[in-house]
Amino acid sequence: IILILIVFAITGSLSLVVHPPYTSFSLPLPMKETVRRISLLEQVASAMHYLHSAQPCVVHRDLKPGNFLLDKTQKIAKVCDFGLARMRTAAGKATRVAGSFKYMAPELFKHNTVTEHVDTYSFGVVLNETLSGAYPWKDTPDIAIPMRVAVENKRPEIVKEAKIHPSLLKLIRNCWKQDPTARPNMDGVLDVLKHCRLSLAS
């Protein structure tokens with residue numbers, strides 16, 4: 001039996017930071033805000049590294065900004081919504097396609113194989129969205145996303161105006177590679193995020 005306790009997040013999720021209601025922001029993001037968002041995602045990556053390193057490995061399967069809750073300072077992030085999570089030993093072929101199409105890895109559409117690499121793919125989509133403020137697949141209906149991702153090897157738009165740090169751009173592209181085994185592990189993701197945060201904050 002696994003028991004998960006989640007603190008009450010009074011200010012909502014990362015989604016409200018990335019897509020604030022009734023508010024617009026210009027690109028590129030101010031350096032201070034960029035560093036704050038990287039810090040939040042660093043905490044998410046740390047949590048996922050812990051889950052992926054567990055025995056057995058825990059695969060979340062539904063990483064997206066709405067599933068990262070923030071404390072009242074909006075500086076602490078917590079991963080939530082484990083309704084679709086699976087143990088790695090029980091992974092392999094899932095019984096049905098489940099998750100949010102905009103963040104789902106191509107192998108889930110092709111043969112529904114569940115490994116920790118599907119979380120890495122989702123994280124790459126989230127990273128791009130968080131640093132650019134652009135909804136993934138904004139003008140693409142959900143029904144068309146599987147064809148775009150799994151067959152045509154397309155990915156969400158990278159907004160040039162966001163001027164995302166080159167190391168983070170490389171990380172985004174590595175996270176959403178078509179071959180699951182070519183994606184970095186979460187400890188590798190964590191290292192890049194930490195390095196960029198310290199570099200930008202100095």
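**Chatting through the predicted model**

User: Hi! Where is Gln 55?

Analyst: Gln 55 sits in the loop between H2 and strand S1 (58-59). Keep in mind that this is a predicted model.

User: Buried or exposed, that Gln 55?

Analyst: Gln 55 is exposed, because its relative accessible area is 78%, over the 50% cut-off.

User: What kind of peptide bond joins Gln 55 and Pro 56?

Analyst: A cis one, with omega at about 5°. Pro 56 belongs to the loop between H2 and S1. For background, most peptide bonds are trans.

User: And what about the bond from Leu 27 to Pro 28?

Analyst: That peptide bond is also cis, with omega near 0°. Pro 28 is in the loop between helix H1 (14-18) and H2.

User: Thanks! Changing topic: which residues have a positive phi without being glycine?

Analyst: Arg 61 is one of them, with phi near 75°. Gln 74 is another, with phi near 60°.

User: Where are Arg 61 and Gln 74?

Analyst: Arg 61 is in the loop between S1 and strand S2 (68-70), and Gln 74 is in the loop between S2 and S3. Arg 61 is buried at 10% relative accessibility, whereas Gln 74 is partly exposed at 25%.

User: Since you mention S3, where does Val 79 lie, and is it buried or exposed?

Analyst: Val 79 lies in strand S3, which covers residues 77-79. With 10% relative accessibility, Val 79 counts as buried. Its C-alpha atom is separated by 9.4 Å from that of Gly 66, 13 residues apart along the chain.

User: Salt bridges next. How many are in the whole structure?

Analyst: A search of the whole structure turns up seven. One of them joins Arg 37 and Glu 33, whose closest N and O atoms are 2.7 Å apart.

User: How do Arg 37 and Glu 33 sit in helix H2?

Analyst: They are four residues apart in H2 (residues 31-53), which means about one helical turn separates them. Arg 37 is buried, with a relative accessible area of 3%, and Glu 33 is buried too, at 18%.

User: Which residues are linked with them in a network?

Analyst: The network of salt bridges links Glu 33, Arg 36 and Arg 37.

User: Which residue does Asp 142 meet in a salt bridge?

Analyst: Asp 142 meets Lys 102, at 2.8 Å from N to O. Asp 142 lies in the loop between H4 and helix H5 (145-151), and Lys 102 in the loop between strand S5 (92-93) and helix H3 (106-110), so the pair ties together parts 40 residues apart in sequence. Asp 142 is partly exposed at 37% relative accessibility, as is Lys 102 at 26%.

User: And what distance goes with Glu 152 and Arg 148?

Analyst: Their closest N and O atoms are 3.8 Å apart, and they form a salt bridge. Glu 152 is partly exposed at 39%, and Arg 148 is partly exposed at 32%.

User: Now the helices. How do the axes of H4 and H7 cross?

Analyst: The axes of H4 (residues 117-132) and H7 (residues 186-201) come within 10 Å and cross at roughly 25°. That angle is under 35 degrees, so H4 is roughly parallel to H7.

User: Which residues make the contact?

Analyst: From H4, they are Asp 119, Thr 120, Phe 123 and Leu 127; from H7, Met 186, Val 189 and Leu 193. By class, that contact has five nonpolar residues, one polar and one charged.

Terms used:
Residues are numbered from 1 along each chain as its sequence is written. This is a predicted model: local features need pLDDT of at least 70, side-chain atom pairs count only at pLDDT 80 or more; totals for chains, interfaces and linings use all residues. Side-chain values use heavy atoms; hydrogens and water are left out. Axes are lines fitted to C-alpha atoms, for helices over the stretch in contact, and angles run from 0 to 180 degrees between N-to-C directions. Helices (H or I, at least four residues) and strands (E, at least two) are DSSP runs, numbered from the N terminus. Angles under 35 degrees count as roughly parallel, over 145 as roughly antiparallel, 65 to 115 as roughly perpendicular and the rest as oblique. Contact means heavy atoms within 4.5 Å. Ala, Val, Leu, Ile, Met, Phe, Trp, Tyr, Cys and Pro count as nonpolar, Asp, Glu, Lys and Arg as charged, and the others, Gly among them, as polar. A salt bridge is a side-chain nitrogen of Lys or Arg within 4 Å of a carboxyl oxygen of Asp or Glu. Buried means under 20% relative accessible area, exposed over 50%, partly exposed in between (1.4 Å probe, protein chains only).
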